[in-house]
Amino acid sequence: MRTRTKFAKIPRHDMHRNEMKNFFKGVRKRIGRLDAEQLREQYNLIADEADFLDALFTANSEGLVVLGEKGEVVRSNPAARELLGMDPSLAVRTLDVPLSVASKRELSITYPDERSLEMRTLPLKAGTLVCLRDITAEKARTEEELRIG
């Protein structure tokens, strides 16, 4: 008699970090008892989630750059290239990005246009996430408000 191992489906794109960890722990515990169809189902769930997260990363209007442990660019999104005005691999060499620590600072960029960026860094398990946001308009409004009084 054959028994089927049941897994809860991954809640679509709203899974919390602990839920994801518990899901993978459950799969690891039972991996030896899964048949080919069950493995395929679990693989498809994970692949769908990875595709969704990739789409979010790519479509995000904030510039995102993932750095490895030594500061090399592992991945970046199109917004990072647009905000920096060049390939992030070239730009991060001149930005003095703090690795594996949380930080926040303002950058002034002059190429291709003059603008102000907010750069936040967040430590990752094996590297650093750099988040870039254009604050040029926000900064101009604040300066105008201060000037007007």
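**Reading the labels on a predicted model**

Tutor: Of the 149 residues in the chain, 32% are buried. This is a predicted model: local features need pLDDT of at least 70 and side-chain atom pairs count only at pLDDT 80 or more, while totals for chains, interfaces and linings use all residues. Residues are numbered from 1 along each chain as its sequence is written, and side-chain values use heavy atoms, with hydrogens and water left out.

Student: What makes Arg115 buried?

Tutor: Its relative accessible area is 12%. Buried means under 20%, exposed over 50%, and partly exposed in between (1.4 Å probe, protein chains only). At 12%, Arg115 is under the 20% limit, so it is buried.

Student: Which secondary structure does the chain have?

Tutor: Five helices and five strands. Helices (H or I, at least four residues) and strands (E, at least two) are DSSP runs, numbered from the N terminus. The pattern along the sequence is α-α-β-β-α-α-β-β-β-α.

Student: Why is the contact of Arg115 with Asp134 called a salt bridge?

Tutor: The N to O distance is 3.9 Å. A salt bridge needs a side-chain nitrogen of Lys or Arg within 4 Å of a carboxyl oxygen of Asp or Glu. Arg and Asp are on that list and 3.9 Å is within 4 Å, so the pair qualifies.

Student: Where do Arg115 and Asp134 lie?

Tutor: Arg115 is in strand 4 (residues 115-124) and Asp134 is in strand 5 (residues 127-134). They are 19 residues apart, and the pair links distant parts of the chain. Asp134 has 36% relative accessible area, so it is partly exposed.

Student: How do you know that Glu37 and Arg40 form a salt bridge?

Tutor: Their side chains meet at 3.5 Å, N to O. That is within the limit, so this pair counts too. Both residues lie in helix 2 (residues 36-59), three residues apart, about one turn of the helix. Glu37 is partly exposed at 44%, and Arg40 is partly exposed at 46%.

Student: How many salt bridges are there by this rule?

Tutor: Eleven. One of them joins Arg133 and Glu138 at 3.0 Å, N to O. Arg133, at 29% relative accessibility, is partly exposed. Glu138, at 36%, is also partly exposed. Both belong to a network of salt bridges that links Glu62, Lys104, Glu118, Arg120, Arg133 and Glu138.

Student: Which residues make the positive surface patch?

Tutor: Lys21, Lys25, Arg28, Lys29 and Lys125. Lys and Arg count as positive and Asp and Glu as negative, while His and the chain ends are not counted. Patch members have over 30% relative accessible area and no salt bridge; like charges are joined within 9 Å, and nonpolar side chains (Val, Leu, Ile, Met, Phe, Trp, Tyr) within 5 Å. A charge is placed at NZ of Lys, CZ of Arg, CG of Asp or CD of Glu. Lys21 lies in helix 1 (residues 17-30). Lys21 has 45% relative accessible area, so it clears the 30% limit.

Student: Which residues make the nonpolar surface patch?

Tutor: Met86, Leu90 and Tyr111, with about 300 Å². Accessible areas come from the Shrake-Rupley method with a 1.4 Å probe; for residues, only the protein chains shown count as cover. Met86 sits in the loop between helix 3 (78-84) and helix 4 (88-95). Met86 is at 33%, so it passes the 30% limit and counts as partly exposed.

Student: Which residues is Ala102 in contact with, leaving aside neighbours within four places in sequence?

Tutor: Thr121 and Pro123. Contact means heavy atoms within 4.5 Å.

Student: What is the phi of Asp96?

Tutor: Near 55°, a positive value in a residue other than glycine. Asp96 lies in the loop between helix 4 and strand 3. At 63% relative accessibility, Asp96 is exposed. Ser100 lies in the loop between helix 4 and strand 3, with phi near 60°. At 42%, Ser100 is partly exposed.

Student: What is the peptide bond from Tyr111 to Pro112?

Tutor: It is cis, with omega near -5°. Pro112 lies in the loop between strand 3 and strand 4.
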